[in-house]
Amino acid sequence: MNLGLGRLSRDSAVPGLRRDEYSGLVTTIPNIAVQKAVAGILGALDEKIGANNRLAKSAIEYADMSFPQHSPKSTLRSLDEIVVTIKGVSYRSADLEAGTAALVTLKSFSRDGRYAVGGLKSYVGPFRAEQVILADEIVVAQTDLTQAADVVGRAVRVPRSTRYEILVASLDLAIVRPRPGVDSTYLLGLLRHRSFREHCRARASGTTVLHLRKGVIETFDTNIASLSTQKRYAALAKPLYQLEDNLAAENQTLAELRDTLLPELMSGRLRVKDAEKKIEEVV
């Protein structure tokens, strides 16, 4: 980061560096005591980020495990009866420019089943109003680039973005909105249940890239709990998803702080004690 190697990258299809372009660069290296202190500070930030990730994962796993089992009073219905699905927007690479809007993409689905804020792509292209994802709405992956089909059929809840004013679903996703009489948090739990994923995976086609055919989501048949049961589940699950949001926001702040401190500490422009004070203000 201190050397600015990016500016030396050669313009080509695959950016790269030649040895003679960087071998003559000169830099300063702090003494071993300072190196260890810097490593300790940055390591502590990484450990905190890791601990937050583990806690968030546990919270969502608990929400998933607590989803109510079918009861004799539940009603078997097609998903098409209780949801509206909206296909995402098709876009060009020229549309991926900096702006106030972003696409929610396949990279917004982590392999452990959680929402990944790093999957957002800045977007300036056209979209319809119905393709805008409102805070806490649900999207389902309709495409999968992983060989193990880890993503197709996964459902995630998209929290409000702190960076972009508008979030738009990309073509690889479907927004799934509940019809009146269905609690949105209950719907999320239903779409995250293994039976829905198995339904989607069994109907995905393709070799290198898997796709869901039109109507696969809507043709899923399931037992729908009573509204009172839906509300009880929502009361349990909502705080867990809020916890995940809070931890994700904290991790974003910690990661930005880590990336800001590293060059300052390595160059000597910032003393270790001053860096520790900055961390105390955040954590």
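**Close-up views of a predicted model**

**View 1. The packing of helices α2 and α5.** In this predicted model, α2 and α5 are roughly antiparallel to each other, because their axes make an angle of about 165° and angles over 145 degrees count as roughly antiparallel, under 35 as roughly parallel, 65 to 115 as roughly perpendicular and the rest as oblique. The two axes lie 9 Å apart, where axes are lines fitted to C-alpha atoms, for helices over the stretch in contact, and angles run from 0 to 180 degrees between N-to-C directions. Helices (H or I, at least four residues) and strands (E, at least two) are DSSP runs, numbered from the N terminus. The crossing in which α2 passes α5 is left-handed, that is, the near helix is turned anticlockwise from the far one by less than a right angle, clockwise being right-handed. The contact of α2 with α5 is made up of 24 nonpolar, 3 polar and 6 charged residues, with Ala, Val, Leu, Ile, Met, Phe, Trp, Tyr, Cys and Pro counted as nonpolar, Asp, Glu, Lys and Arg as charged, and the others, Gly among them, as polar.

Residues are numbered from 1 along each chain as its sequence is written, and side-chain values use heavy atoms, with hydrogens and water left out. Since the model is predicted, local features need pLDDT of at least 70 and side-chain atom pairs count only at pLDDT 80 or more, while totals for chains, interfaces and linings use all residues.

View 2. A59, which lies in helix α2, is buried with a relative accessible area of 6% (buried means under 20% relative accessible area, exposed over 50%, and partly exposed in between, with a 1.4 Å probe and protein chains only). Although A59 and L243 are 184 residues apart in sequence, they are 7.6 Å apart in space, C-alpha to C-alpha.

**View 3. The largest pocket.** The space in the largest pocket amounts to about 640 Å³. The pocket is lined by 25 residues, of which Y115, V117, A248, A249 and Q252 are the closest to its centre. Two or more lining residues come from each of α2 (32-65) and α5 (227-267), and α5 gives the most, with 8 residues. By class, the lining of the largest pocket holds 12 nonpolar, 7 polar and 6 charged residues. On a 1 Å grid over the protein atoms alone, a pocket is an open set of points with protein on both sides within 12 Å along at least five of seven lines, a cavity is a set of points where a 1.4 Å probe fits but cannot get out, and lining residues have an atom within 4 Å of a point. Grid points are joined across faces, edges and corners, and a volume is the space filled by probe spheres set on the points.

**View 4. The second largest pocket.** This pocket has a volume of about 290 Å³, and of its 16 lining residues the closest to its centre are K87, Q142, L212, R213 and K214. The elements that give two or more residues to this lining are β2 (83-87) and β11 (210-212), with the largest share, 3 residues, coming from β2. The lining of the second largest pocket divides into 6 nonpolar, 5 polar and 5 charged residues.

View 5. The structure holds 1 cavity of 30 Å³ or more, and the largest cavity contains about 50 Å³ of space. Its lining consists of I60, G113, R114, Y115, V156, R157, R192, Y241 and E244, to which β7 (155-158) and α5 each supply at least two residues. In this lining, 4 residues are nonpolar, 1 is polar and 4 are charged.

View 6. D136 has a phi near 75°, a positive value in a residue other than glycine, whereas most residues other than glycine have a negative phi. D136 is partly exposed, with a relative accessible area of 40%, and F127 is likewise partly exposed, at 32%, while A129 counts as exposed at 68% relative accessibility. C-alpha to C-alpha, A129 and V168 are 9.0 Å apart in space and 39 residues apart in sequence, and F127 and S170 are 9.7 Å apart in space and 43 residues apart in sequence.
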